[in-house]
Amino acid sequence: MPYTLSINGQQHELDVDGDMPLLWAVRDHLHFTGTKFGCGMAQCGACTLHIDGVATRSCVLPVADAVGKAITTIEGLGSPAAQAVQSAWVELQVPQCGYCQSGQVMSATALLEQNDTPTDADIDAAMSGNICRCGTYPRIKAGIKMAASQIRNAGGAA
Amino acid sequence: MNINRFARNKQQPGVDTGRRNFLKVAATGSAGFTLGISLSAGAQAQAQATTASGAVNALEYNAFVSITPENVVRIYIKHLEMGQGVYTGLATCVAEELDADWQQIVCEHAPVDTAKYANLLMGQQGTGGSTAMANSFMQLRRAGAAAKAMLVSAAAQRWQVPIDEIRVNEGVVSHGSHRATFGELAVEASRQTPPATDALVLKTPAQFRLIGSENTLRKDTGKQDGTAIYTQDVQVPGMLTAVVAHAPRFGARVRSFDASAALARRGVRQVFEIDTGIAVVADDYWSATKGRELLQIEWDESSAETRSSDTLLQQYRNLVETEGAIAEQHGNAVDTLASANDKVELVFEFPYLAHAQMEPVNCVARISGNSAELWYGCQSATGDQAAIAQLLGTRPQDVKIHTVFAGGGFGRRANPKADYVLEAVNIARQLPDTPVKLVWSREDDMQGGFYRPAYAHKLSAALDDQGKPLAFQARIAGQSIMAGTSMAAMMVNNGIDNTSVEGLTEFSYEVPERQVELHTTDVGVPVQWWRSVGHTHTAFSKEVFINALARKAGMDPVAYRLSLLTHNPRETAVLKLAAEKAGWGSRELPAGWGRGVAVHTSFGSTVAEIAEVSVQGNNFKVERVVAAIDCGIAVNPSIIRAQVEGAIAYGLSAALQDELTLSEGVVDQSNFHNYQVLRMNAMPVVETHILASTNAPSGVGEPGTPPIAAAVANALADATGNTLTRLPLRLS
Ligand code: FES
Ligand code: FES
């Protein structure tokens, strides 16, 4: 049946089964391929996107449950926190293969939108759901700290 | 993949007197290889007509560099970018000699064309064995120098000035008041005669501006904003998605199946049998997966592997108590051991490991008549192309492969049997002219085989009265990675697969008598190289064993190693650098902490790692790792540090928790909930120090992995007094 999803500020109508995970709706039907598939069971974080500003694993969220929510994929990121994260990622050369990095950026952005002075423990807590097999963890952590200080200097994440 | 053996045997491209060495490598490494940078005028015209990119108007100076009138320098990357940084590293070599502006450089994967793009150390187009930089360093510098010479010669002609008065700097060619960008000279430059290889003058290391610089931003862009394209993201009009139901046990075949419920499922288009299982082709991945769940399949398991990994390891432990095939022999270690008064013996065990790269394997294929077109993170270009052509009964040149970024590889994508690639082709050929994306789920990937094999080792040493080894013996039992592959002829000699023993053969420590023996086992579980191949296990046993000898002798583990490395200046220097930077012997550790060291040489590079662990009861955490690497000239220090950090994380994951087991032939793990991998909360602080060097660049992607598990085990021995010999490491 048809569902209307609000993605990156735009309404998208699609006719899929309600139990289809949001991940596959955005990837296969709406062609937002920035959001990645890594495990399909909320274990790796590759599919992280924002639902009403909260980092969410889209591989286990049925389309039917995403109706009426504000969905942001990496293609729709634009907040100062997101920009700070993305520029830190480039400057510190965080990504290696990069496949996990959409999810890392989404989780890091959600963290910094809530907390612009994260401790190491805060970062570990927010980011340990995102696996990186290339082992970019030290640079992710450094990138979050760099972005956090940039956000603070610019006067906040909002 | 491992080609370390060739790399050791053949001289690598040198830095100063490069030409002779380079030609030698090219001539011995490959049949029919042509120097990509010295195309004749005719060949050049042909290159222009069929550019690597297929782009119109791009002026190709050689197989690797094209400069457009829009002032874009496009570099064709013959190696797969899977995170190791080849786009950036190889572009650096070209840009250095071309004196390009780093901003104007864009990279793209080269097409499959073995004549132009062979790996000079492998003789075929492909990526592996940490050879990308080692085999490209001189080749791509020459490519950049050749393109620059043509730009300069065009400028000299245009301005009517002597060639040697022309300057080139950051993408601008100048003479007195004359200035031109590369783009402005591109068309005229393309009409110049390409210079002969021996006429090229390369920079001296002192003249390097980009090589060794910290500021060359990566060229594999789009990874921070989701725009980078992986196989999973490839869209071809009319494309369908396929999944395959594989047998639960390796070696089983389909006996019969009922697809009626699957076919009735919304979105499912076709269901059919292929040689690896039952393919379900649907409009999208979700529909394909749901369709697969509805299949009824009966498997014929008459030739399936039904043993458990516990049973196999028990068998391996028994095997290492018996004499194996001799892989290496110096003196008479066996007799010396038999008559020794003082002897140490340790038995080691290693589980199967999955690669678990973040992007499960996948491949897009379209078969039309006699030709095939594929899109995927192609790592073994020549091998995959040949395998596809053979399957289709067509010619390699009728198989067109578009290489896209790979979401990690760690060995899995370079499959000597092209397993998942041929599976995609087998599906796509049933739907002529229709592009099909084969997607493996995480479960398919984890349970699909091609693991790092399980092994047992037994190491023995006879000691003199100082506790120094007089004789050393290593026995290894496990599956051969190379057996049954097209590389067996090269890599298996007299029944010895070099990748089973490398790292224990050519033992780096000075021991007068040595013997390495191998039991190659026959098991139906598919195995494959895994980041650093044989060194994944041999470095562990070697470095834990030597550490145990040091502890027994009551000597400091660094000092003990150094006393056995007097003939090995490279390992000595790297070990000393790591020890100094880690504060070995000077830095006080908190109570309950331990410190351990390991040093190992692989893929032409030497890495020492010093781990600090904190122990609480049966739990421990790796707090800090200090690494030192000698990888020759450091082309891009940031990428080298990133690779060492990543290699440590990858090896640490296996040291701490990765373990793949089988129960009666069925893989017990399926996804990241029961195949636990390293997460950020377990990642130590890592410091990497690069030894200054003027030697030719050597491997970087893999050599950081081998030492870490041993460094951690040795740190635990320091903290607890117990030597752990089984991976993953458990204190209880
Ligand atoms: S794909 Fe959703 S958490 Fe892994
Ligand atoms: S960058 Fe490769 S998995 Fe994270």
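Reader: I'd like to start with the open sheet in chain B: which strands form it, and in what order?

Author: Strands of a sheet pair through backbone hydrogen bonds, either parallel or antiparallel. Here the open sheet has 7 strands in the order S10-S11-S8-S18-S15-S16-S17 (chain B), with mixed pairing. Strands (E, at least two residues) and helices (H or I, at least four) are DSSP runs, numbered from the N terminus, and two strands pair if DSSP finds at least two bridges between them. S10 (268-274) and S17 (399-403) of chain B are the edges: each has a single partner strand, so one side of each lacks a neighbour in the sheet. From one strand to the next, the twist averages 25°.

A word on the ground rules: this is a predicted model, where local features need pLDDT of at least 70 and side-chain atom pairs count only at pLDDT 80 or more, while totals for chains, interfaces and linings use all residues. Residues are numbered from 1 along each chain as its sequence is written, chains are lettered from A and ligands numbered from 1 in the order in which they are written, and side-chain values use heavy atoms, with hydrogens and water left out.

Reader: In which sense do S8 and S18 of chain B pair?

Author: Parallel, over 3 bridges, between residues 240-245 and 436-439 of chain B. Leu240(B) sits opposite Val436(B) in S18(B).

Reader: Which strands does helix H9 of chain B lie across?

Author: Contact means heavy atoms within 4.5 Å; axes are lines fitted to C-alpha atoms, for helices over the stretch in contact, and angles run from 0 to 180 degrees between N-to-C directions. H9 (285-293) of chain B lies across S8, S10, S11 (277-282) and S18 of chain B, at about 30° to S8(B). Helix H13 (419-428) of chain B also packs on the sheet, touching strands including S15 and S16 of chain B, and makes about 40° with S15(B).

Reader: And how many aromatic pairs are there over all chains?

Author: 17. Rings of Phe, Tyr and Trp (its six-membered ring) pair if their centres lie within 6.5 Å; planes under 30 degrees apart are stacked, over 60 edge-to-face, the rest tilted. Phe472(B) and Phe545(B) have centres 5.8 Å apart and planes at 55°, so that pair is tilted. Phe472(B) is in strand S20 and Phe545(B) in helix H17 of chain B, 73 residues apart.

Reader: Are Phe472(B) and Phe545(B) buried or exposed?

Author: Both are buried (under 20% relative accessible area; exposed is over 50%, partly exposed in between, with a 1.4 Å probe and protein chains only).
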